[in-house]
Amino acid sequence: MVSLGAGAALAHLRGGAPDVTAAPGAVGPPTAAPTAPPATAKPKPPPKPSGPAPERTRRPTAGPAPERTTVPQSGSGAFTTARASGAPVGHGGTLRRYRVQVEDGIALSARETAAEIQRILAHPRGWAAHGRGRFQLVSENADFVIRIATPDTADALCARQGYNTHGELNCETVDGVVVNLKRWMLGSPTFAGEPAEYRHLIINHEVGHEIGIRSHMGCPGPGRLAPAMMQQIKGLNGCRSNAFPYDEEGIYITGPIVS
């Protein structure tokens, strides 16, 4: 029903279509019925680009985290001798036979370790290549032994010689060399190369004592190669870390005597 002034409008059916009639006294024309507001037109979506869809930028996926080597702090104190032998390496000097022992239970093969040490002693920048001695890997009747031991065991063996190795260092004993497993597996924080290269320094330094070089050396000058007989793990003092007794020209790397 639509209001017409003060009167009322009646809806009549005429021919079936609705109509509005003004009542007597109504003022003005009939008011048209309100219409619904026009619907708001939705914006047209932007045209899709022709051609292949652009590739989405993918986030770089992180690769697997590098495995960290875990070194046991202590072991059984018992050792396995490498059942291996080889021909002497070197071109002059006294022949020294050595055997290799690995502490039991440290997941390090005695035979493989012995083979690595044999390669180290045969290196062209090592002692044997320059006439400072010949070395032969044996499993018995050795002149000295090279032992790889956990930090606690290494400390105990070195303490018998009066050395305090603090769970970190290697030492030379009356019957041979004691190598701290931590240094063998992890290298040194002061050494620029990989642990495999640092193992050359371990063997060259300790065997250097075995062949009669009793003193330690210091850095010969800033930027120069550190001698193999320098205790490089205690600091380089401006030198460059180095694992070999001789340089690439075959010149012996030396420095001032410090101890």
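Predicted model: local features only at pLDDT ≥ 70, side-chain atom pairs only at ≥ 80, totals over all residues.
## The chain as a whole

Let's start with the overall layout. The chain contains 4 helices and 8 strands. Read from the N terminus, these elements follow the order β-β-β-β-α-β-β-α-β-β-α-α.

Of the 259 residues in the chain, 39% count as buried. Among contacts with a separation of 6 or more, 64% are accounted for by residues 24 or more positions apart.

## Helix α1: one face in, one face out

Helix α1 spans residues 110-121. Its 12 residues reach 17 Å from the first C-alpha to the last, close to the 16 Å expected at 1.5 Å a residue. The buried residues of α1 are A110, T113, A114, E116, I117, I120 and L121. Viewed down the axis of α1, these buried residues fall within an arc of 160 degrees, so they line one face of the helix.

As for the buried residues of α1, their cover includes the strands β3 (79-81), β4 (95-103), β5 (134-137) and β6 (144-149), together with the helices α3 (181-186) and α4.

## How α1 meets α4

Helix α4 covers residues 195-210, and it packs against α1 at an angle of about 70 degrees, with the two axes 10 Å apart. Angles of 65 to 115 degrees count as roughly perpendicular, which makes α1 roughly perpendicular to α4. From α1, the contact is made by E116, I117, I120 and L121, while α4 brings R199, H200, I203, N204 and V207.

By class, this contact of α1 with α4 has 5 nonpolar, 2 polar and 2 charged residues.

## Helix α2: a one-sided buried set

Helix α2 runs over residues 151-159, and its buried residues are P151, T153, A154, L157 and C158. They cover an arc of only 160 degrees around the axis, which puts them on the same side of α2.

What covers these buried residues of α2 includes the strands β3, β4, β6, β7 (171-173) and β8 (176-180), as well as helix α3. Looking back at α1, the cover of its buried residues also includes β3, β4, β6 and α3.

## Q136 in strand β5

Now for some individual residues. Q136 has its place in strand β5. Its relative accessibility is 17%, and because buried means under 20%, Q136 counts as buried.

Not counting residues up to four places away in sequence, Q136 touches G86, A87, P88, L95, R96, R97 and Y98. Of these partners, L95, R96, R97 and Y98 fall in the range of β4 (95-103).

G218 and I253 both belong to the segment after α4. G218 is buried, with a relative accessible area of 8%. The C-alpha atoms of G218 and T254 are separated by 8.3 Å, although the two residues are 36 apart along the chain. Apart from residues up to four places away in sequence, G218 touches P227, M230, G255, P256 and V258.

I253 also counts as buried, at 10% relative accessibility. Leaving aside neighbours within four places in sequence, I253 is in contact with R125, M217, L225, A226, P227, N242, F244, P245, Y246 and D247. P227 is a partner of I253 and of G218.

## Two residues with positive phi

Most residues other than glycine have a negative phi. A107 has a phi near 55 degrees, a positive value in a residue other than glycine. A107 lies in the loop between β4 and α1, and at 84% relative accessibility it counts as exposed.

N237 likewise has a positive phi, near 55 degrees. N237 is found in the segment after α4, where it is exposed, with a relative accessible area of 66%.

Technical notes:
Residues numbered from 1 in each chain as written. Heavy atoms only, no water. Axes fitted to C-alpha atoms, helices over the stretch in contact; angles between N-to-C directions. Parallel < 35°, antiparallel > 145°, perpendicular 65-115°, else oblique. Contact = heavy atoms within 4.5 Å. Nonpolar A, V, L, I, M, F, W, Y, C, P; charged D, E, K, R; others polar. Expected span 1.5 Å × (residues − 1). Buried < 20%, exposed > 50% of the residue type's maximum accessible area, 1.4 Å probe, protein only. Arc of directions from axis to C-beta.
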